[in-house]
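These are my notebook entries on a single protein chain. I record what I looked up, entry by entry.

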Amino acid sequence: MTGNTTGDRTGNTIGDTIGDRTGDRTGDRTQPVATHLTEKLVRFQQPEKTLRYLGELPEARLADLLGLDAGAYRALLRDFDDQARATAAELAKDPDFAERTARLPFLPGQRIVALGESTTADRLSWFSILRHLLPDGVELVNLAVSGLTTSQALTQLPQLSFLRPDWVLCMLGANDAQRLGRRAGAPGTRLVSEAETIRNLLALRELGGQTGPDRWIWLTPSSMNQERVDAYPHFRHAGIGWASEDIDDVAAFLLSRPEPTVDTRQATAGLQLDDGIHLTLDGQRAVAAAFVDALAETS
């Protein structure tokens, strides 16, 4: 859901993670291996999206940026994809769910583009799971970037127009609700004001919506665990935080829109990582299931 210059919001700083290059020595050279911290970084951060001005980055360079050799990087990507595929397969074992999935309106030859932050950028995200539920020939493009606010998402409009999507799935607003200077007795100041969030979401829809009104689909921000967020040491040291009522305000606006909106809050209750913000794999599975259920009802 979130991300900033200090790390991936799961308790790891980028410096700490990339600096963790333990492994077997070959001669005098240490071979980087994936650690628990590195796995989290690879899961939520994708330099190829945030460093587009450098052009297409080769796999070896991406691996090095993340503190890995190319083989370890590929192995991690395969593992995340395998987990997403296995999660989709588990969902599809339920005949009722499989029937609802078959009713989804996405057809081979169509392109689906996702806009979002780390809940969607996550390599184990609901969107990654959805990829393995849809028929071959449906193209899914994930433009989500960890830490993205709605203001920053507006800069993606040229790329969105270039892709000419048949469907847009948009899950934004959680990072806007980040509060700076939040501590006991001080609510803090929203990173992006509520009025600006609404303006930005409307602009995204108006300027990025070559699709029909029923082909732009909102997803509300997922729920958060207020107790964990308030207690998380990295947030407390940085003087930042979130308030669940701010997430509810974003959701209320999206649910008032004429476009279809999937409310993910109830489905994700209690399914956060230790920071209280990011979702576990079960949480991502719950978002994917809620998305399928909501879309099947309207198909």
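**Entry 1: S128**

I looked up S128 and found that, at 14% relative accessibility, S128 counts as buried; buried means under 20% relative accessible area, exposed over 50%, and partly exposed in between, with a 1.4 Å probe and protein chains only. The model is predicted, so I note that local features need pLDDT of at least 70 and side-chain atom pairs count only at pLDDT 80 or more, while totals for chains, interfaces and linings use all residues. Residues are numbered from 1 along each chain as its sequence is written, and side-chain values use heavy atoms, with hydrogens and water left out.

S128 is found in helix 8; helices (H or I, at least four residues) and strands (E, at least two) are DSSP runs, numbered from the N terminus. I then listed what S128 touches, not counting residues up to four places away in sequence: A84, D122 and R123. Contact here means heavy atoms within 4.5 Å. The side chain of S128 also reaches the backbone oxygen of R123 at 3.4 Å. I count as a polar contact a pair of N or O atoms within 3.5 Å; within protein, one must be able to donate a hydrogen and the other to accept it, and residues adjacent in sequence count only if both atoms are side-chain atoms.

**Entry 2: S146**

S146 is buried, with a relative accessible area of 14%. A polar atom of its side chain lies 2.4 Å from the backbone oxygen of F44. I also noted that the C-alpha atoms of S146 and S118 are separated by 3.9 Å, although the two residues are 28 apart along the chain.

**Entry 3: the sheet**

In what order do the five strands of the open sheet stand? I read the order as 4-3-5-8-10, with parallel pairing; two strands pair if DSSP finds at least two bridges between them. Strand 4 (139-142) and strand 10 (261-262) stand at the edges with a single partner strand each, so one side of each is left without a neighbour in the sheet.

I then followed the pairings. Strand 3 (residues 111-116) pairs with strand 4 in the parallel sense over four bridges, and R111 has E139 in strand 4 as its bridge partner. Strand 5 and strand 8 pair in the parallel sense over three bridges, with C170 opposite W218 in strand 8. Two bridges join strand 8 to strand 10, and L219 stands opposite V262 in strand 10.

Both faces of strand 8 are covered: W216 and W218 on one side, I217 and L219 on the other, are all buried.

**Entry 4: the cores**

The largest nonpolar core has 30 residues, and those with the most contacts inside it are F106, I112, W126, L130, L169 and F291. I take a nonpolar core as a set of buried Ala, Val, Leu, Ile, Met, Phe, Trp, Tyr and Cys residues joined through side-chain atoms within 4.5 Å. Helix 15 gives the largest share of this core, seven residues.

I checked F291, leaving aside its neighbours within four places in sequence: F291 is in contact with F106, W126, L130, L169, I217, L219 and V262. Apart from this core lies another, of 22 residues, among them L157, C170, L204 and L254.

**Entry 5: aromatic pairs**

I counted rings of Phe, Tyr and Trp (its six-membered ring) as a pair if their centres lie within 6.5 Å; planes under 30 degrees apart count as stacked, over 60 as edge-to-face and the rest as tilted. By this rule the count comes to seven aromatic pairs. The rings of W126 and F291 have their centres 5.7 Å apart and their planes at 40°, so the pair is tilted. This pair links distant parts of the chain, with W126 in helix 8 and F291 in helix 15, 165 residues apart. W126 and F291 are both buried.

W216 and W218 form an edge-to-face pair, 5.5 Å centre to centre with 65° between the planes. W216 has a relative accessible area of 0%, and W218 has 1%. I also recorded one aromatic cluster, formed by F106, W126, F127, W167 and F291.
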